[in-house]
Amino acid sequence: MQGSFNFSESMNRKEAGMAAAAASKNIVLDQARSIARLLAAQNGEVTADDVQRELERRDLPSLGPAAGSLFRTKDFVFTGKRIKSSKISNHAREIRVWALR
């Protein structure tokens, strides 16, 4: 019997879940990444909240769980900073701040 704790299995399931979420939103994820690059170039840094705000402004669909894959490209680097999300459904949880490489 496999217990409740297995780091390797946990990581495998995380990667599989993120890949499935990204695949289901491939078109909007590409649009969101373009928006993220633009915002980061304009402002020096960007968050998932910034991108979602712009998606809403453009009447584009939400990323949903695919948001976890938004900055998983060679284009972005984590700045080391975190801020509290202002998105209501995020309940003010901390989100990462990203910059272009």
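At what angle do the axes of helix H2 (residues 26–43) and helix H3 (residues 48–57) cross?

**View 1. Overall arrangement of the protein chain in the predicted model.** The protein chain contains three helices and two strands. Read from the N terminus on, these elements follow the order α-α-α-β-β. Taken along the principal axes, the C-alpha atoms of the protein chain fill a box of roughly 50 × 30 × 30 Å.

**View 2. Crossing of helices H2 and H3.** The axes of H2 (residues 26–43) and H3 (residues 48–57) cross at roughly 115°, and they come within 9 Å of one another. The crossing of this pair is right-handed. On the H2 side, the contact is made by Val-28, Ala-32, Ile-35, Ala-36 and Leu-39; H3 contributes Asp-50, Val-51, Glu-54 and Leu-55. Sorted by class, the residues in the contact of H2 with H3 comprise seven nonpolar and two charged residues, with no polar ones.

View 3. The most is given by H3, with five residues. By class, the lining of the largest pocket holds nine nonpolar, six polar and seven charged residues.

**View 4. A salt bridge between Glu-9 and Arg-13.** Side chains of opposite charge can pair when their charged atoms come close. In this view, the side chains of Glu-9 and Arg-13 form a salt bridge, with a distance of 2.7 Å from N to O. Both residues belong to helix H1 (residues 7–24). Because Glu-9 and Arg-13 lie four residues apart in H1, about one helical turn separates them. Over the whole structure, a search finds eight salt bridges.

Definitions and conventions. Residues numbered from 1 in each chain as written. Predicted model: local features only at pLDDT ≥ 70, side-chain atom pairs only at ≥ 80, totals over all residues. Heavy atoms only, no water. Axes fitted to C-alpha atoms, helices over the stretch in contact; angles between N-to-C directions. Left-handed = near helix turned anticlockwise from the far one by under 90°. Contact = heavy atoms within 4.5 Å. Nonpolar A, V, L, I, M, F, W, Y, C, P; charged D, E, K, R; others polar. Salt bridge = Lys/Arg side-chain N within 4 Å of Asp/Glu carboxyl O.
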